[in-house]
Amino acid sequence: MRGLLILSVLLGAALGNEDFVGHQVLRISAADEAQVQKVTELEGLEHLQLDFWKGPAQPGSPIDVRVPFPSVQAVKVFLEAHGITYTVMINDVQSLLDEEQEQMLAVRARASSTDSFNYATYHTLEEIYGFMDMLVAEHPQLVSKLQIGSTYEGRPIYVLKFSTGGNNRPAIWIDTGIHSREWVTQASGVWFAKKITQDYGQDPAFTAILDNMDIFLEIVTNPDGFAFTHSKNRMWRKTRSITAGSACVGVDPNRNWDAGFGMAGASNNPCSETYHGKFANSETEVKSIVDFVKGHGNIKAFISIHSYSQLLLYPYGYTTETTPDQNELDQLARSAVTALASLYGTKFKYGSIIRAIYRASGGTIDWTYNQGIKYSYTFELRDTGRYGFLLPAAQIIPTAQETWLGLQTIMEHTLNHPY
């Protein structure tokens, strides 16, 4: 075991990747409000370098936190001293990362078409952009690639447009990977793109959607962050923009939208994983979507895909106020999670963001809903915490398949309930 540890440290050093040897992911169970407060205190102790995968919310909701090796004992002592129970979900984060890298290296082969492309492994930004170009070349009548902007570091931001013709038709937007470490989302986005080209003309229900509406799919919504998860730090969540006056890099792009911006449910500390940025839409990755949505003016459903937790969420996150469409959104969410569960039995909970998980301000779908896009939803894909953001590649295709059933339910409803 010690030899393996040394090997993974050496490999990490050689590759320039940050290593996570001895890091553990703890699942903390806060029984009451006082215990939630104690865990929140931990969150504020920057020297511990804690990474909350699921932050403190209401009592009874699991809290998942990655604890660096030097802090493991201190955190456990703190929790035990306050009578707060915890379990170790991941004993050594690096061992999962090593398995993930081995799996990627074992199947790394350049695909010559989207038919030979490997959907059951994780891919780099270059590989995903290459896949998009192949798909466009294979289906020029159906698929086109739009550049909607450039990232902070100058990378192109691409969206695939699926259309059977017509001008500015009603549209459905789907994005994956706004939080860069949620790799199963970008991988699912790649699978969705292929699925659209396969099902059009074959599946009557889906064909009806694309005969009447366009679909826009942004597979890598945070390209700088995603590239960084491959080159340096697999656990990177935010953008890569520089904040003046701070040594800490990046903004949480799901706290940067102009909907309750800067309110409770985001951080004003640039070192926080939920830092909201200097001002709404400060991040070009967010502003590019905002400009596109406003410029299009006819988007009827907006679905932003995250992991993990197995949830289907609708607005609001920044306020306890319910939306005027609460009943319809709730019923549609129930139908979508029922369809999703029909394939592998994967159970999703559903509800408004603030009630189902926690208060979150400046979020994507709160902004899109306030722009008049009624069918605004966020998925949190597999799992519920056993692997968290490090979902094994063997689960990519099943995750994408079941999620597609939920997506199709929302898309069909959007088609059949014009507004």
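I began with the length of helix α5: at 1.5 Å a residue, its 14 residues should span 20 Å, and the end C-alpha atoms are 20 Å apart, which agrees. The expected span is 1.5 Å times one less than the number of residues. Helices (H or I, at least four residues) and strands (E, at least two) are DSSP runs, numbered from the N terminus.

The model is predicted: local features need pLDDT of at least 70, side-chain atom pairs count only at pLDDT 80 or more, and totals for chains, interfaces and linings use all residues. Residues are numbered from 1 along each chain as its sequence is written, and side-chain values use heavy atoms, with hydrogens and water left out.

**Entry: α5**

Is E126 buried or exposed? E126 counts as exposed because its relative accessible area is 55%.

**Entry: T151**

T151 lies in the loop between β5 and β6. Its relative accessibility is 6%, so T151 is buried. For contacts I took heavy atoms within 4.5 Å. Leaving out residues up to four places away in sequence, T151 touches I157, P223, D224, T284 and E285.

**Entry: cores**

I looked up the nonpolar cores: sets of buried Ala, Val, Leu, Ile, Met, Phe, Trp, Tyr and Cys residues joined through side-chain atoms within 4.5 Å. The largest has 82 residues, and F162 and F379 have the most contacts inside it. Apart from it lies another core of 17 residues, among them L48, L50, V67 and I84. Beyond four places in sequence, the contacts of F162 include L135, L142, V143 and A193. In soluble globular proteins, nonpolar side chains tend to be buried together.

**Entry: α10 and α13**

Helix α10 (residues 326–344) packs on helix α13 (residues 396–416) at about 145°, with the axes 8 Å apart. Axes are lines fitted to C-alpha atoms, for helices over the stretch in contact; angles run from 0 to 180 degrees between N-to-C directions. Among the contact residues are L332 and A336 of α10, and L405 and I410 of α13.

The buried residues of α10 are L329, L332, A333, A336, V337, L340 and A341. They pack against β10 (311–314), β11 (349–352), α12 (364–370), β12 (375–381) and α13. After α10 comes G345, with a positive phi near 80°.

**Entry: backbone exceptions**

Most residues other than glycine have a negative phi, and most peptide bonds are trans. I noted the exceptions here. Which bond has omega of about 5°? The cis peptide bond between P315 and Y316 does. Y316 is in the loop between β10 and α10. Another cis bond joins R382 and D383, with omega about 0°. D383 is in the loop between β12 and α13.

N281 has a positive phi near 65°. N281 is in the loop between α8 and α9 (284–296), and is buried because its relative accessible area is 17%. S309 has a positive phi of about 140°. S309 lies between β9 (299–307) and β10, in the loop. At 12% relative accessibility, S309 is buried too.

Key. Buried means under 20% relative accessible area, exposed over 50%, partly exposed in between (1.4 Å probe, protein chains only).
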